[in-house]
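Me: I would like to learn how to read a protein model feature by feature. Could you take me through one?

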Amino acid sequence: MRKSWDEYFLDIADVVATRSTCNKLAVGCVIVKERAIVSTGYNGSIQGHEHCTEVGCLLNEQGRCIRTIHAEQNAIIHARRNEIQGATAYVTHEPCETCSKLLNQAGVRRIVFSHPYKNERNRVFLQGVEVVHLARE
């Protein structure tokens with residue numbers, strides 16, 4: 001059976017996540033507009049800095065790794081603003097509150113993710129954005 005576009009682009013996000021340099025969690029993001037990939041991003045350290053895979057994760061008080069730039073942030077950084085507006089972000093994991101705000105501010109109007117992330121505040125930051133949880137095995 002032929003995959004849906006959402007499944008197809010989430011599969012690509014899974015492949016993008018394999019470039020992650022965080023030991024704690026590998027996340028990939030693909031930004032798509034009119035069925036064309038605009039940008040991709042994975043979570044990794046700042047260019048030229050040590051990676052979690054080399055020196056370990058740098059965890060904050062909540063247990064989140066703060067050494068890496070998130071996949072969604074990298075995808076936004078590497079895209080042209082006019083290409084993001086009205087686009088869909090396919091992310092392996094539900095975006096955190098900061099990434100939710102950035103995606104919304106950048107003009108992303110739809111977010112599709114596979115793995116939920118418990119954060120009840122995301123609803124506040126994703127007003128006006130269609131959010132789709134596509135559970136997969």
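Me: Let me start with the sheet: in β6, which residue is the bridge partner of threonine 88?

Reply: Arginine 110 is the bridge partner of threonine 88. Before we go on, please note that this is a predicted model, in which local features need pLDDT of at least 70, side-chain atom pairs count only at pLDDT 80 or more, and totals for chains, interfaces and linings use all residues. Residues are numbered from 1 along each chain as its sequence is written, and side-chain values use heavy atoms, with hydrogens and water left out. Helices (H or I, at least four residues) and strands (E, at least two) are DSSP runs, numbered from the N terminus.

Me: How many bridges join β5 to β6?

Reply: Two strands pair if DSSP finds at least two bridges between them. Here β5 and β6 run parallel and are joined by five bridges. Another position to look at is alanine 89, which stands opposite isoleucine 111 in β6.

Me: In what order do the strands form the open sheet?

Reply: The order is β2-β1-β5-β6-β7, five strands with mixed pairing. At the edges are β2 and β7 (130–133), each pairing on one side only. From one strand to the next, the twist averages 20°; the axes behind such angles are lines fitted to C-alpha atoms, for helices over the stretch in contact, and the angles run from 0 to 180 degrees between N-to-C directions.

Me: Do β1 and β5 run parallel or antiparallel?

Reply: They run antiparallel, with four bridges joining them. Valine 30, for instance, has tyrosine 90 in β5 as its bridge partner. β1 and β2 also pair in the antiparallel sense, over six bridges, and isoleucine 31 stands opposite serine 39 in β2.

Me: How many residues lie between β1 and β2 in their hairpin?

Reply: Two residues lie between them.

Me: Is glutamate 34 buried or exposed?

Reply: Buried means under 20% relative accessible area, exposed over 50%, and partly exposed in between (1.4 Å probe, protein chains only). Glutamate 34 is exposed, at a relative accessible area of 76%, and arginine 35 is exposed at 56%. Alanine 36, found in strand β2, has 38% relative accessibility and so counts as partly exposed.

Me: How many residues of β5 are buried?

Reply: Six of its six residues are buried, and β5 is mostly covered. Take histidine 93, found in this strand: at 18% relative accessibility, histidine 93 counts as buried.

Me: Which residues does histidine 93 touch?

Reply: Contact means heavy atoms within 4.5 Å. Not counting residues up to four places away in sequence, histidine 93 touches Leu25, Ala26, Val27, Glu72, Phe113 and His115. There is also a polar contact of 2.8 Å between the side chains of histidine 93 and threonine 92. A polar contact is a pair of N or O atoms within 3.5 Å; within protein, one must be able to donate a hydrogen and the other to accept it, and residues adjacent in sequence count only if both atoms are side-chain atoms.

Me: Now for helices. Which residues are buried in α1?

Reply: An α-helix has 3.6 residues a turn, so residues three or four places apart point the same way. In α1, the buried residues are Asp6, Phe9, Leu10, Ala13, Val16 and Ala17. Seen down the axis of α1, they fall within an arc of 105°, so they line one face of the helix; the arc is that of the directions from the helix axis to the C-beta atoms. Their cover includes β1 (28–33), β2 (36–42), β5 (88–93) and β6 (110–115).

Me: What covers the buried residues of α5?

Reply: The cover includes α3, α4 (81–84), β5, β6 and α6 (122–125). In α5 (residues 97–106), the buried residues are Glu97, Cys99, Ser100, Leu103, Asn104 and Ala106. Just after α5, glycine 107 takes a positive phi of about 105°.
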